[in-house]
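This briefing goes through one protein model, topic by topic. Keep the sequence and the 3D view at hand while reading.

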Amino acid sequence: MAAIRVNNAVKRFGNVMALQHVTLEVDSGQTVAILGPNGAGKTTLIDMLVGLSRLTSGNIEVLGHVMPKESRRVRERIGLCLQSTAFFPRLTVRETLSLYQHFFTRRRSVDELLDWVQLTEKASEPVSKLSGGQQQRVALAAALVNDPEVLFLDEPTTGLDPQARRDIWDLVEMSRQHGRTVILTTHYMEEARHLADRVIILDRGRVVADGAPNALIRQYAPNRVVRVSGDHLESLEKLGWNPVAGASGHEWQRPLEDHDQSLESLLAAARQSGAHVQRVSIQESSLEDVFLHLTGRSLSA
Ligand SMILES: Nc1ncnc2c1ncn2[C@@H]1O[C@H](COP(=O)(O)OP(=O)(O)O)[C@@H](O)[C@H]1O
Ligand SMILES: [Mg+2]
């Protein structure tokens, strides 16, 4: 059964079209990353999915219920972690999770949740004393209080350091292994690639691509890039290489296309032209390249 159905969703804020005819379906048990730059419409989409706001036109069903009309019935079965969570600063971690429990009839024990997000030792600390990464784990525990069938995470790792980000990734991975449906938004392409079975690229309110991360890369950015460094590399120009920006002529690159005979023959030709190649590396394409191909802009811009 589809966990989520979005049909021709449009959301307008005055002159801004935050969502433009978005249609998608998510199967139960999928982990989906909605990837897009700031302002793409990610938060707007999540808000509509969880019934926090109403579409201008189109319709949304979550777990077979029409949103936002039936959102009260859906809330019991979903978990939500918004872009920023305002906790009561003086409540302890344990008190905070106990408070969240009261919203639901289906409940996990606070001890189980603390263990799950590895905050057992911090249970008696006020939330305000925790680091950003720990606070985000409290937010995730709060989203898991009712053992939700569908988990919505809006930019769960934005602003966190790499270790805290990894910790959140592990928790998302656990939910996925428990067969939950996970919908997360992110503007980090490594996050989408690492966590998701499926990536939906959103740009200016439109879905511009939808598929498994590797399938998107194969479809839109199939070429790997060979990069060399060394001296006397100018002679590479006539062989189709380009200087790498900012490397003052000591690094050059070119696409490694499937129909090129081999890396060895490329390098042999380079040497023959007079280039002194000292180091060679191959750069795999990424979802960043997919985004660039589809929109002409960089994801991080
Ligand atoms: N409440 C609002 N009022 C007016 N414009 C809004 C509102 N919420 C979002 N927008 C606009 O809608 C677009 C999408 O925003 P948002 O969904 O927050 O993007 P993202 O989460 O991908 O960064 C942006 O242009 C934003 O300025
Ligand atoms: Mg957002």
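The model is predicted. The chain has 10 helices and 14 strands, and 37% of its 301 residues count as buried.

**The chain as a whole**

- Along its principal axes, the C-alpha trace spans about 75 × 45 × 35 Å.
- Among contacts in the chain with a separation of 6 or more, 70% are between residues 24 or more positions apart.

**The shell around ligand 1**

- Which residues surround ligand 1? They are Phe13, Val16, Ala18, Gly36, Asn38, Gly39, Ala40, Gly41, Lys42, Thr43 and Thr44.
- The largest share, 3 residues, comes from α1.
- Sorted by class, the shell around ligand 1 holds 4 nonpolar, 6 polar and 1 charged residues.

**Helices α5 and α6**

- Helix α5 covers residues 132–143 and helix α6 covers residues 162–177.
- Their axes come within 9 Å and cross at roughly 15 degrees.
- Angles under 35 degrees count as roughly parallel, and α5 and α6 are therefore roughly parallel to each other.
- The crossing in which α5 passes α6 is right-handed.
- On the α5 side, the contact is formed by Gly132, Gly133, Gln136, Arg137 and Leu140; on the α6 side, by Ala164, Asp167, Ile168 and Leu171.
- The residues of this contact of α5 with α6 comprise 4 nonpolar, 3 polar and 2 charged.

**Helices α3 and α5**

- Helix α5 also packs with helix α3 (residues 93–101), and the two axes come within 9 Å.
- The crossing angle of α3 and α5 is roughly 30 degrees, and that makes α3 roughly parallel to α5.
- α3 passes α5 in a right-handed crossing.
- Val93, Thr96, Leu97 and Tyr100 of α3 make the contact with Val138, Ala141 and Ala142 of α5.
- The contact of α3 with α5 has 6 nonpolar residues, 1 polar residue and no charged residues.

**Helices α8 and α10**

- Helix α8 (residues 213–220) packs with helix α10 (residues 287–295), and their axes are 9 Å apart.
- How are α8 and α10 oriented to each other? The angle between them is about 50 degrees, and they are therefore oblique to each other.
- The crossing of α8 past α10 is left-handed.
- From α8, the contact involves Pro213, Leu216, Ile217 and Tyr220; from α10, Leu287, Val290, His293 and Leu294.
- By class, 7 residues in the contact of α8 with α10 are nonpolar, 1 is polar and none are charged.

**Ser229**

- Ser229 sits in strand β11 (residues 224–231).
- Is Ser229 exposed or only partly exposed? Ser229 counts as partly exposed, because 17 C-beta neighbours lie inside 10 Å.
- Leaving aside neighbours within four places in sequence, Ser229 is in contact with His250, Glu251, Gln278 and Arg279.
- Ser229 and Ala247 are 18 residues apart in sequence, and their C-alpha atoms are 9.2 Å apart in space.

**Backbone details**

- The peptide bond from Met67 to Pro68 is cis, with omega near 0 degrees.
- Pro68 is in the loop between β5 (65–67) and α2 (71–75).
- Asn8, in strand β1 (residues 2–13), has a positive phi of about 55 degrees although it is not a glycine.
- With 13 other C-beta atoms within 10 Å, Asn8 is partly exposed.
- Gln118 is a residue other than glycine, and its phi has a positive value near 55 degrees.
- The location of Gln118 is the loop between α4 (110–116) and α5.
- Gln118 has 14 C-beta neighbours inside 10 Å and so counts as partly exposed.

Note on methods
Residues are numbered from 1 along each chain as its sequence is written. Chains are lettered from A and ligands numbered from 1 in the order in which they are written. This is a predicted model: local features need pLDDT of at least 70, side-chain atom pairs count only at pLDDT 80 or more; totals for chains, interfaces and linings use all residues. Axes are lines fitted to C-alpha atoms, for helices over the stretch in contact, and angles run from 0 to 180 degrees between N-to-C directions. Helices (H or I, at least four residues) and strands (E, at least two) are DSSP runs, numbered from the N terminus. Angles under 35 degrees count as roughly parallel, over 145 as roughly antiparallel, 65 to 115 as roughly perpendicular and the rest as oblique. A crossing is left-handed if the near helix is turned anticlockwise from the far one by less than a right angle, and right-handed if clockwise. Two residues are in contact if their C-beta atoms, placed from the backbone, lie within 7 Å. Ala, Val, Leu, Ile, Met, Phe, Trp, Tyr, Cys and Pro count as nonpolar, Asp, Glu, Lys and Arg as charged, and the others, Gly among them, as polar. A residue is near a molecule or strand if its C-beta atom, placed from the backbone, lies within 6 Å of it. A residue is buried if 20 or more other C-beta atoms lie within 10 Å of its own, exposed if 12 or fewer, and partly exposed in between; C-beta atoms are placed from the backbone.
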